[in-house]
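The sequence and structure come first.

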Amino acid sequence: MTAPPLTLEAIEDTAARVRSGAWVSDAHQSALRERYATARAEDTALGVLVAEAWVGPRMRRAQAALEMAWAREPIALAGEAPVPVDAIENAVTFERNGARRSALWDLACVRAQDHFRPTKQVVEALRERAGELGCAAPSDLLRALGLSATDGVGVGVGVGVGDGVANLVLDRTEAAYEELDGWALREVELNERVIDARRKVLSFDDRLRSLAQPRASAHIALGDRVAASARWLERAGLDGAMRAVVDRVEASSTQSSGVKVRVELEGERVLLQGSEPPSVHGTARIAAAVAEAAFAAMAQLGPARERAGRDRLHRVVWWQLGERLLWAPAFVERELGVDPAHAATVTRAAMHGSLQALRRSAAEAPFVREALEAKNELVVRLRDRTTRALGSAMTPSWTVHVAAAALERRAEAHCFASLVEAVLYERLRDRLDEDWFRNPRSGEVLRAESALMRTGGALPWLIERTAAKDEREAIERGAIALSARVSEAFARATR
């Protein structure tokens, strides 16, 4: 006798348990896929929760095979310890010797090509998961997982808004980024070093080097950067925001893998793990992770779907709000203890690092969709997009690796969240002044905005908060807010 299908309440419980790492039977896991369409039709938030629970465990086998390949053939110069692949960019960034930096990156590129096959299998596994969920196209997996505002919007594929959010982000940040990048390259003595004088293109290893920010980073204390990044939460009236956050951040290292946020269950257990390098950019990323973790931990008790939210874009908004705290000289002075004489320099370095990361996301967002759709000439597509965004072409051997890391890097979500954060910042500044992060009344505002994004979704929030008539107008107004956000911070950092 066939067992009756699980109720949606049972499906929600199963999805929440899988997402938190608990064991569930094969039959219950299979029910997630079988009931996904019904769950999505019933409640978008439940659909995203179920999709996460189905996709995550089924990506592990392909990812484990890739990890084993890297373990067998690691990145290791002769006579030296191997560099983990997820730390290679930081290792290159902090290598001061140009010849050795190039040698390390060249070897990493060779290894990336060596591991093409298992990496491609990760991308194929993503396509398979999309098919299992009944997605009309493989790139619709992003929407299913709550990492896209609407199907295709914002990545230049002809849906939603003109050239897309990715191009809007590049346009609205270009002038400030070029000025800041010139300063950053001078700081590491690379302003005259180009490999193609006609196109003015830096090699990618030198592009990474621009994030080292040595003089600005010397003013950042490397003690407990998590605690320093979290103090503002209580000042802003968000007492207990970190109560459910487990801090497993390791000591700073030039071969760090980056800090990541793992949400086991919103409002109950959120993990901060990994490490960041001893730089301004690394500190900004810690501040970003702390903000994302704190707002996930503040979710009100209730059904798992409501705690997690209608999408996962709101989590990236909080990441960016935290990262951009370092755009404010008052924050780096009062919360990070930087001497006022050096606050603008630190802010300048923070802006350069976060804009470079955002522009890289703007290059990767449309490429990820193209890769999932198995478009032709993917190497050329990524090369052209990263050259426009960064002035440096992504080395070809890494093309498939960028696609394989799509869910972790959340490129499209970062592009969209940058507009939402800019509108949110305007509301905070207009109601509570520029140093809103020190105002005890900020907590009430932030809790309210967090609840609206979680229950309604980030795109409806943007439409409502910009008083727009539709998605297109909301995105355009968000782009205007991003321009103002960048211009205001740039003026403070360079005065």
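What follows covers the basis of the model, a helix contact and the cavities.

## Basis

This is a predicted model; local features need pLDDT of at least 70, side-chain atom pairs count only at pLDDT 80 or more, and totals for chains, interfaces and linings use all residues. Residues are numbered from 1 along each chain as its sequence is written, and side-chain values use heavy atoms, without hydrogens and water.

## Helices α4 and α7

Helix α4 spans residues 44-72 and helix α7 residues 116-132. Their axes lie 9 Å apart, at an angle of about 170°. The pair is therefore roughly antiparallel (over 145 degrees).

From α4, the contact (heavy atoms within 4.5 Å) takes in Trp54, Val55, Arg58, Met59, Ala62, Gln63, Ala65, Leu66 and Ala69. From α7 come Pro118, Thr119, Gln121, Val122, Ala125, Leu126, Arg129 and Glu132. By class, 11 of the contact residues are nonpolar, three polar and three charged.

## Cavities

Two cavities of 30 Å³ or more are present. A cavity is a set of points on a 1 Å grid where a 1.4 Å probe fits but cannot get out.

The largest share, three residues, is from α21. Seven lining residues are nonpolar, none polar and two charged.

Technical notes. Axes are lines fitted to C-alpha atoms, for helices over the stretch in contact, and angles run from 0 to 180 degrees between N-to-C directions. Helices (H or I, at least four residues) and strands (E, at least two) are DSSP runs, numbered from the N terminus. Angles under 35 degrees count as roughly parallel, over 145 as roughly antiparallel, 65 to 115 as roughly perpendicular and the rest as oblique. Ala, Val, Leu, Ile, Met, Phe, Trp, Tyr, Cys and Pro count as nonpolar, Asp, Glu, Lys and Arg as charged, and the others, Gly among them, as polar. On a 1 Å grid over the protein atoms alone, a cavity is a set of points where a 1.4 Å probe fits but cannot get out, and a pocket is an open set with protein on both sides within 12 Å along at least five of seven lines; lining residues have an atom within 4 Å of a point. Grid points are joined across faces, edges and corners, and a volume is the space filled by probe spheres set on the points.
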